[in-house]
Amino acid sequence: MTDAKDQAIQEIKEVVKKRYAKRALDVMARPSAGKPDSSVEACCGTTYQAVDLVAIPGEAILASAGCGNPTALADLHPGEVVLDLGSGGGIDCFLASRAVGPKGRVLGIDMTPEMVELARSNARRIKATNVEFYLGHIEELPFDSNTMDVVISNCVVCLSPDKDAVFGEAFRVLRAGGRLHLSDMMLVGDLPDAVKRDPQKWAECVSGADQRETYVERLRAAGFQDVTIAQEQPYRQEPGLENLRSVHVIARKLD
Ligand SMILES: C[S@@+](CC[C@H](N)C(=O)[O-])C[C@H]1O[C@@H](n2cnc3c(N)ncnc32)[C@H](O)[C@@H]1O
């Protein structure tokens with residue numbers, strides 16, 4: 001990689017990290033932090049059913065910053081090993097941990113130390129024994145090849161400045177027959193120039209989104225097959241963002 005490209009990647013990552021560090025710190029600093037979950041009034045939007053969130057730590061719900069509900073579509077089975085790319089406060093890991101049960105295992109990875117700290121504290125709070133959180137980058141996963149049954153992610157790939165590396169790593173760690181379930185953002189047209197240039201808009205999951213064709217092409221180039229966009233809906237009714245979509249993408253690493 002050239003020095004200029006490497007520097008551009010690092011700059012984007014610092015802006016992203018700063019935004020999500022603040023989100024984690026805000027959640028940890030709120031007056032009722034650590035109190036029983038019933039004290040939490042706010043929720044994360046419309047992507048999760050209230051019934052699913054019973055016994056999920058309030059701090060994980062408050063920190064939640066996803067654009068979908070990947071475990072709802074991932075058809076997880078008891079005993080499976082699941083990796084969540086960009087696990088944030090851990091909400092999707094806790095949902096996955098319930099589905100895979102005590103014989104399964106869920107690993108979350110996130111590059112923001114404050115988010116990893118929050119996720120670990122959430123895991124302790126609910127005494128989760130099958131969930132582990134790692135500090136690291138999704139472009140360079142610290143996991144062995146062919147070890148995961150399912151890779152999930154919720155509104156994170158759009159934040160990566162090196163999506164080919166992310167998909168390459170997801171493919172490497174999945175076992176043959178493994179599946180990829182990504183809730184993410186995509187574009188079906190252009191964004192205004194001012195939005196494209198604004199690093200904060202990248203950190204808000206807007207200007208880092210790939211065009212749909214590019215996204216699918218990258219997944220295929222990484223080796224994935226059966227790439228399917230299972231859900232697609234307009235993200236926000238905001239002037240300039242009409243071409244932004246929240247999507248759920250499924251792909252497979254064939255046997
Ligand atoms: C929009 S939040 C989503 C968090 C979580 N998936 C959820 O649904 O609540 C994005 C998260 O991805 C992490 N992240 C962004 N880029 C990353 C990268 N390249 N490697 C690892 N983590 C990353 C951020 O630190 C942040 O916690």
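Hi everyone. One definition before we start: a helix here is a DSSP run of H or I with at least four residues, and the helices are numbered from the N terminus. Please also keep in mind that this is a predicted model.

Let's begin with the ligand. Around it sits a shell of 24 residues, and the closest are Gly 66, Gly 86, Gly 88, Thr 112 and Asn 154. Which helices each supply at least two residues of that shell? They are H1, which spans 3-29, and H4, which spans 91-100. H1 gives the largest share, with 3 residues. If we sort the shell by class, we find 11 nonpolar residues, 9 polar ones and 4 charged ones.

Now let's step back to the whole protein. You can count 9 helices and 8 strands in it. Its radius of gyration is 17 Å, close to the 18 Å that the globule rule gives for 255 residues, so the protein is as compact as a globular protein of that length. Along the principal axes, the C-alpha atoms fill a box of roughly 45 × 45 × 35 Å. Of the 255 residues, 45% are buried. And if we take contacts between residues at least 6 apart in sequence, 73% of them join residues at least 24 apart.

Next, have a look at strand E4, residues 148-154. How many of its 7 residues are buried? The count is 7 of 7, so to speak a covered strand. E4 has strand partners too. It runs parallel to E1, residues 81-85, with 4 bridges joining the two, and here Leu 83 has Val 151 of E4 as its bridge partner. E4 also pairs with E5, again in the parallel sense, over 6 bridges.

My last stop is helix H9, residues 212-222. Its buried residues are Tyr 215, Leu 219 and Ala 222. Why do they count as being on the same side of H9? Because they cover an arc of only 65 degrees around the axis. The general idea is that an α-helix has 3.6 residues a turn, so residues three or four places apart point the same way. On the other side of H9, Glu 213 and Ala 221 are exposed. What do the buried residues of H9 pack against? Their neighbours are helix H6 and strands E5, E6, E7 and E8. Just after H9 comes Gly 223, with a positive phi of about 120 degrees.

How values were computed: Residues numbered from 1 in each chain as written. Predicted model: local features only at pLDDT ≥ 70, side-chain atom pairs only at ≥ 80, totals over all residues. Near = placed C-beta within 6 Å. Nonpolar A, V, L, I, M, F, W, Y, C, P; charged D, E, K, R; others polar. Rg over C-alpha atoms; globule rule 2.2 N^0.38 Å. Buried ≥ 20, exposed ≤ 12 C-beta atoms within 10 Å, placed from the backbone. Contact = placed C-beta atoms within 7 Å. Arc of directions from axis to C-beta. Pairing = 2+ DSSP bridges.
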